[in-house]
Amino acid sequence: MVTHEVFMNGKRLANRIVMECEKMGAEDVRLIDVRSRSPLFDFLVIVTVDNTVLADALLRRVLKEARPDVGAAVSVESGPESDWVVCD
């Protein structure tokens, strides 16, 4: 059972991540509510950037923002000089 407080923390975290990405110059930032489509995730944040340096900086910022709310290890899939990153 998901409580209202857990949902609000997830939504607040997703909105904070969107705000940080926009502040850092990310393009085409999208927040998608997938609660009705996925039992594993509540929200997806999809971001486009035009270089790997910005992608790395955004990833570090997202990890910093998420750590206090998540309270667990965050999984990252990517590689050096990769043109994509997945973080959950």
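The legends below describe close-up views of a predicted model of one protein. Residues are numbered from 1 along each chain as its sequence is written, and side-chain values use heavy atoms, with hydrogens and water left out. Because the model is predicted, local features need pLDDT of at least 70 and side-chain atom pairs count only at pLDDT 80 or more, whereas totals for chains, interfaces and linings use all residues.

**View 1**
Helices (H or I, at least four residues) and strands (E, at least two) are DSSP runs, numbered from the N terminus. Of its 88 residues, 25% count as buried, where buried means under 20% relative accessible area, exposed means over 50%, and partly exposed lies in between (1.4 Å probe, protein chains only). Among contacts (heavy atoms within 4.5 Å) between residues at least 6 apart in sequence, 38% join residues at least 24 apart.

**View 1. The largest nonpolar core.**
This core consists of 10 residues, namely L13, I17, V18, C21, A26, V29, L54, L58, V62 and A66, and the elements that give two or more residues to this core are α1 and α2 (52-70). A nonpolar core is a set of buried Ala, Val, Leu, Ile, Met, Phe, Trp, Tyr and Cys residues joined through side-chain atoms within 4.5 Å. Leaving aside residues up to four places away in sequence, V18 touches V29, L31 and V45. In soluble globular proteins, nonpolar side chains tend to be buried together.

A salt bridge is a side-chain nitrogen of Lys or Arg within 4 Å of a carboxyl oxygen of Asp or Glu. E20 is buried, with a relative accessible area of 8%, whereas R61 counts as partly exposed at 31%. E20, K23 and R61 are linked in a network of salt bridges, and a search of the whole structure finds 5 salt bridges.

**View 4**
D56 and R60 both lie in helix α2, 4 residues apart, which is about one turn of the helix, and their side chains meet in a salt bridge of 2.3 Å, N to O. D56 counts as partly exposed at 40% relative accessibility, while R60 is exposed, with a relative accessible area of 51%.

D28 lies in strand β1 (residues 27-33), and its phi is near 50°, a positive value in a residue other than glycine. Most residues other than glycine have a negative phi. R30 forms a salt bridge with D28, the closest N and O atoms being 2.8 Å apart; D28 is partly exposed at 43% relative accessible area, and R30 counts as partly exposed at 48%.

**View 2. N15 and V45.**
N15 lies in helix α1 (residues 4-23) and is partly exposed, with a relative accessible area of 37%. The C-alpha atoms of N15 and V45 are separated by 8.9 Å, although the two residues are 30 residues apart along the chain.
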